[in-house]
Amino acid sequence: MEDYINTTIRPKIQGDGGEVTFQSLEEDVLTLIFQGECSKCLILDRCTAWIAQEIEKDLGKRVHVCAIRKKPFFWDT
Amino acid sequence: MAHIKVVRRSMRPEEWTALRFGWLKRHIYNKTYEIKTLQIRDARQVSEMEYEFYSDDYRPLIKGDMYFTPDGTAFIRGDIVIPDALRGEEMWFALKTAAEIIVKVNGTYVGGVDPNRERILLTPYLSENTEKLHFEMQGYNRSKPDDERNPESLSVRGCRQIFEGAYLATVNHDVLDLVYDLELLSDIANSDLFSGDYRAFLHREMSRALDLIDFEDELLPGLSEAKHYVDEVIYKNDDYKGSGDVALIAHSHLDIAYYWRRIHAVQKNLRTILIQLRLMDRYPEFKYTHTQSYTYESLEKYYPEVFEELKTKIAAGQFEPVGAMFVEPDCNIPAAESLIRQCLYGQHYFREKFGKTVNNCWLPDVFGNSWILPQILKKSGVEYFVSNKMSTWNDTNRFPHNNFIWKGLDGSEVYACVPPTHFITWNMPSQIQENWEAYQDKNTGGQTMSMFGYGDGGSGVTEEMLELMKRFKKLSIMPKTEHISAAEFLEKNLKDNPNLEKWDGELYLEMHRGTFTTKANLKKWNRKLEYKLREAEIISTLRMLGGALYPQEELRACYKKLLLNQFHDILPGSHITPVYRDAIADYVWMDSQLDKIIGTGEKYFNSLNFERTALTFIENPHGDSTRCGKRGYWCIPHLPPLAHGEIKRSVGTANEWCYVGETVETPYYKVQFADDGSISSLYDKELSREWVDGDFNQLKIYEDKPGVYDAWDILPNYKNKQYSLEIAEPLHLTEKNDEVAVFETELKTGNSTWRRLIRLFRQSRGIEVENQVDWREKHRLAKVEFDCNVLTREGVCDLGAGFIKRDTHRNTSWQQARFEVCHHKWCDLSETDGGVVIINDCKYGVGFDENKISLSLLRATVRPDPTSDMGQHSFCYLILPHAADAVTAGVNKTALEYNIPLVKADVSCQNTFDGLFLQAMKLSEDGKMIVVRLSECDGRRGVMHLPKKVKLLNMLEDVEGESDTLSYTPFEILTVGIPLTDETEQ
């Protein structure tokens, strides 16, 4: 899963000025850390739903994505 | 005592007006038919015209569906039979979207929709009896609209979008006309920049106009009366007088790469150009400016039918190529030759395709401009320079001019325009008024320039901007406005204007000072490849004279790749992660191409046109030294100028030359090191003086939190917080041979490791510091500082072709603002009889503070790229105390030797052009001459006698004269052509 996030999902997220890193997979809960533009995206839930959809399509595994936002200090208001 | 603030809760009159204005907008379309047959295929762009698809086929796309993916492109198609009710009517396509979508109907590019425009007129592009429409759309999701000043764009950003439906529609022009009227009037009514009395008048009269419409009836009875009221009561009122004279120049700024990769700029550019062409079809008076020959080239290559249309609009004078350069480059870091090539390749393209030499340089968004630029522009057919940032971004001082003359380092002068406001506006009256009020040359400069049009795929001008512009003359409160071309503006207001003020100096931007340092590896590659291209061209030229083929196409391809990556959001480091990867891939490709071109030979070739006398590291697997991970040996090449020869390694006196104790003693110095590699004393035995007066060669790590412009800015408060470096391995001797003694230390800070290798030499006054860094920090700035025992008020900085002297004191806000500046190969603090120069191999940011040189080494920013600068870094600098001043000491030559590695090639050149630096030697673009570029770098004038007559060229390689004598003035760059065939034989 970590490899999939790094090699398949991450480049696409980076292409939009975002950043995603794998944190953990416990049972069906996939925890991802979002930085960059993702950290302040108003509609990030749409993206995490899409990530879950892609994981099911490519890896055949159903997960619930838990998003942790890490905002840089200048957006942390 | 309690204080109760009185808050008005009932609707204000202006809110009632705004509410009804919203109701009116709902009636813009009077017939709409949803296109229900649309299908979509999600994809991701992987090269300029290639895509990876998420599925093998299209899926239905229905209103309410989610569409677009992260970094996504979508292809949408659909067919519809034109409804009977729309036949014979003016028909529009309407799609509200946050993406940038290009639309083809029945095989014709009809236009585009994006966050700034939602409809496209179809009728003129359909044949008369068209019954069915076949739609083909390609969209790139605009998750990060650059127009952050536009709140409407901001509210819809994100990777996944909800499809709001696509429609065929007719437009109620009566409604739309009134909407534009009210848009215009509302902007004035809500702007503090206009008279309060007039705004009160507008609020009252707009409300009265809307009172005439019955909004409860779908047919909006009273609409024409409302329009009549606006015409007769508001537009005809001239009791309120404005002032000013503003030229409105249509433009769309296009970052080749930024929050998107350059592969996406191909379609961004297509959409922008197409949308402007479609506006020109409807508004014949509309004129639009577009920069960067690279964008025209990509359009020609991938969308030739649109390019052909573009050519007709250029010929008609509606579409105006501006900015003589290949791309809009950073103008701090690139070498002089790179800036010249920007002009050369840009202008040659414009000449070849459109038959014109563009006489202006158009760089609205660059982060300051080097003092060497006026000469380069002037000699590249450019009379006018336009750049916005100094007026609107300076953080300390107000740049004092908008329309003025810019005098360059060598004395060349160009007309300059620094427009008072941003280069992206949407042509609203308040923006125009703001421009006029900010304009500082009202009495001397003629009109002020206001650019309008969305940028970066926002696709420039909209119908609304042009409709508003048609109404400006009806309003007595507004400044006088004129929509003209860039060339018209520049010629009308600047040319031969005797009243213009003059700015003699660099156009320093008091912001974005971090871009000299951010993404250090890009800077390193750029420096290396600039010199490698020079080497490849010189060697190829000399081989050609021996009968070999000159690899013109290959060299040009490499140069263009270098120039592309000098774009002002690539080389400065202000971009997202994939842009960095693309740039590195390009650099690796160039490096390998140039290796092939340079090839090899039996002997070493000195491409410098002076003898190489500096101690040099020669890579050799059998050498007894290591530098930057490679084996080799140190020696003085003693190679004559532009000649090849054997390098003989001199035999030293073994271990006798360097004594290591508490003090390290060499033939030149007595040095006292600290464990971290800093130098507490550097006593010069030759010059009998101490060079250290405080921290010297001291590595310092500062907190670097400039805020939202993270990659761009360094703020002066970085000094307020410093982080300690732990000494993991104290300085100790690791290598000592005939020529060099190497001392090594390892430092740690945070998660990073910093290895410093300090080299003292037997035959060189230089002290080299190699840095091998594993950099894992966030928000840190690494600098190395030198408190020199030197009394001076000026630091001298290399500009790549000449030098600039900068104040080292902080007397006024102008010096205070220049706490971090750009330099090239070296910077120097000197007294009359001696000083210290720091020569670098890839660093550009430096600060001076009295006797301190503070060289910026690494940053660790997180926006726009959270991974910026993480990883391995390897770089060197040379501390070189010298007698006399920097020029007399010949530090520029030493810096060139330091930066240009010797390669093997069995070529030579008889004429060595003594006295000037051979900046370039190449085959002319037309293949008929050898072009030689010579730069005067020391601030001297003189005369060079040549063995025979040469052509005197400008930088576009146009012949301007002939002579066998070259007179040159300080900092002049000369270009001469040596014909390949004797003209008498032709």
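**Conventions.** I number residues from 1 along each chain as its sequence is written, and chains are lettered from A and ligands numbered from 1 in the order in which they are written. Because the model is predicted, local features need pLDDT of at least 70 and side-chain atom pairs count only at pLDDT 80 or more, while totals for chains, interfaces and linings use all residues.

**Chain A, overall.** I looked up the secondary structure and found two helices and three strands. Helices (H or I, at least four residues) and strands (E, at least two) are DSSP runs, numbered from the N terminus. From the N terminus on, the order is α-β-β-α-β. The C-alpha atoms fill a box of roughly 40 × 25 × 20 Å along the principal axes. Of the 77 residues, 35% count as buried (20 or more other C-beta atoms within 10 Å of a residue's own, with C-beta atoms placed from the backbone).

**Chain A against chain B.** I counted contacts next (C-beta atoms, placed from the backbone, within 7 Å). 20 residues of chain A are in contact with 21 residues of chain B. On the chain A side, α1 (2-15), β2 (29-36) and α2 (44-59) each supply at least two residues. α1(A) gives the most, with five residues. That side divides into 10 nonpolar, five polar and five charged residues. Ala, Val, Leu, Ile, Met, Phe, Trp, Tyr, Cys and Pro count as nonpolar, Asp, Glu, Lys and Arg as charged, and the others, Gly among them, as polar.

**Helix pair in chain B.** I took α1(B) (residues 13-25) and α4(B) (residues 196-211), which pack at about 45° with their axes 10 Å apart. Axes are lines fitted to C-alpha atoms, for helices over the stretch in contact, and angles run from 0 to 180 degrees between N-to-C directions. The contact holds four nonpolar, three polar and two charged residues.

**A166(B).** This residue lies in strand β13 (residues 166-171). A166(B) is buried, with 27 other C-beta atoms within 10 Å. I found A166(B) touching I35(B), L38(B) and L95(B), not counting residues up to four places away in sequence.

Notes. Buried ≥ 20, exposed ≤ 12 C-beta atoms within 10 Å, placed from the backbone. Contact = placed C-beta atoms within 7 Å.
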